[in-house]
Amino acid sequence: MNQIDNGTIHYRDELVRKLIHLTSLSIPVIYYFIPRSTAITILASLTVFALILDLSRYFHPEVGKVFYKIFGFLLRKHELDHEKKNLNGATYVLISALIGVIIFPKIIFVTAFAILFISDTSAALIGRKFGRKPFLRKSFEGTLAFFISASVVILFTPKLTNSFAEYLIGFVAAFVGAIIENISYGIADDNLSIPISVGFVMWALYLIIFPNLDLILPNVPR
């Protein structure tokens with residue numbers, strides 16, 4: 001099999017992974033409509049289950065055999081390392097979502113995690129297919145795709161004032177998220193680093209620009 005064929009297969013695998021990744025967009029969507037306490041209960045249960053299953057594949061061959069048969073094609077090389085026992089991306093999604101629900105106001109969580117699922121997918125697919133110019137640890141094209149798609153997300157996520165300053169907060173956070181997605185490669189799992197960094201940047205800017213604004217969405221379960 002030649003190099004072009006290998007690239008096609010790898011890209012197809014990445015496409016499948018990212019399409020599944022997009023289904024996680026249901027997390028911020030569902031959280032918007034349910035109370036924080038309910039979201040924590042659901043996410044904590046799913047996270048514990050995912051951790052047990054993810055770690056069991058390393059210590060119990062019979063579990064690993066079934067796990068790899070079902071999910072093996074979705075795992076990257078570092079997620080198959082039995083020496084380091086790395087968690088897979090789906091487990092990190094649940095861990096970061098649980099942390100995010102616990103620490104962030106709902107308006108920030110919904111935006112940060114919508115950016116994660118949409119823009120991380122955009123960066124991966126565009127970067128792999130069209131990435132030509134090296135930029136930091138990845139490609140300029142992929143990082144630009146992240147920022148543009150994240151900026152579009154900002155236009156549609158909930159706002160409290162609908163002022164230009166509030167949109168600016170989102171755009172700055174989108175830029176930070178794009179850089180974090182780029183430099184996280186090989187260092188930290190971006191399913192954790194992206195939403196947490198975007199969330200903290202948004203929160204800090206809200207406190208600076210709107211120090212007296214209550215970050216609670218009206219007519220939405222708390």
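The largest cavity has a volume of about 40 Å³. This is a predicted model, and the structure holds one cavity of 30 Å³ or more. Rolling a probe the size of a water molecule over the atoms shows where empty space is left.

Thr-111, Ile-154, Thr-157, Pro-158 and Lys-159 are among the residues that line the largest cavity. Glu-166, Gly-170, Met-202 and Tyr-206 also belong to the lining. Two elements give two or more residues each: α8, spanning 164-183, and α9, spanning 190-209. By class, the lining has four nonpolar residues, three polar and two charged.

Now turn to a pocket. The second largest pocket has a volume of about 150 Å³. Its lining includes Tyr-31 and Arg-36. Phe-104, Pro-105 and Lys-106 line it as well. So do Leu-215, Ile-216 and Leu-217, along with Val-220, Pro-221 and Arg-222. What classes of residue make up this lining? Eight are nonpolar and three are charged, with no polar residues.

Next comes a pair of helices. Helix α3 covers residues 36-59, and helix α4 covers residues 61-71. How do they pack? The angle is about 115°, and the axes lie 6 Å apart. The crossing of α3 past α4 is left-handed.

Look at the residues that meet there. From α3 come Leu-53, Asp-54, Ser-56, Arg-57, Tyr-58 and Phe-59. From α4 come Pro-61, Val-63, Gly-64, Phe-67 and Tyr-68. Sorted by class, the contact of α3 with α4 has seven nonpolar residues, two polar and two charged.

Finally, consider confidence. The protein averages a pLDDT of 93. A score of at least 70 is reached by 96% of the residues.

Technical notes. Residues numbered from 1 in each chain as written. Predicted model: local features only at pLDDT ≥ 70, side-chain atom pairs only at ≥ 80, totals over all residues. Heavy atoms only, no water. pLDDT = per-residue confidence, 0-100. 1 Å grid on protein atoms, 1.4 Å probe; cavity = no way out; pocket = protein on both sides within 12 Å on 5 of 7 lines; lining within 4 Å. Points joined across faces, edges and corners; volume = space filled by probe spheres on them. Nonpolar A, V, L, I, M, F, W, Y, C, P; charged D, E, K, R; others polar. Axes fitted to C-alpha atoms, helices over the stretch in contact; angles between N-to-C directions. Helix = DSSP H or I, 4+ residues; strand = E, 2+ residues; numbered from the N terminus. Left-handed = near helix turned anticlockwise from the far one by under 90°. Contact = heavy atoms within 4.5 Å.
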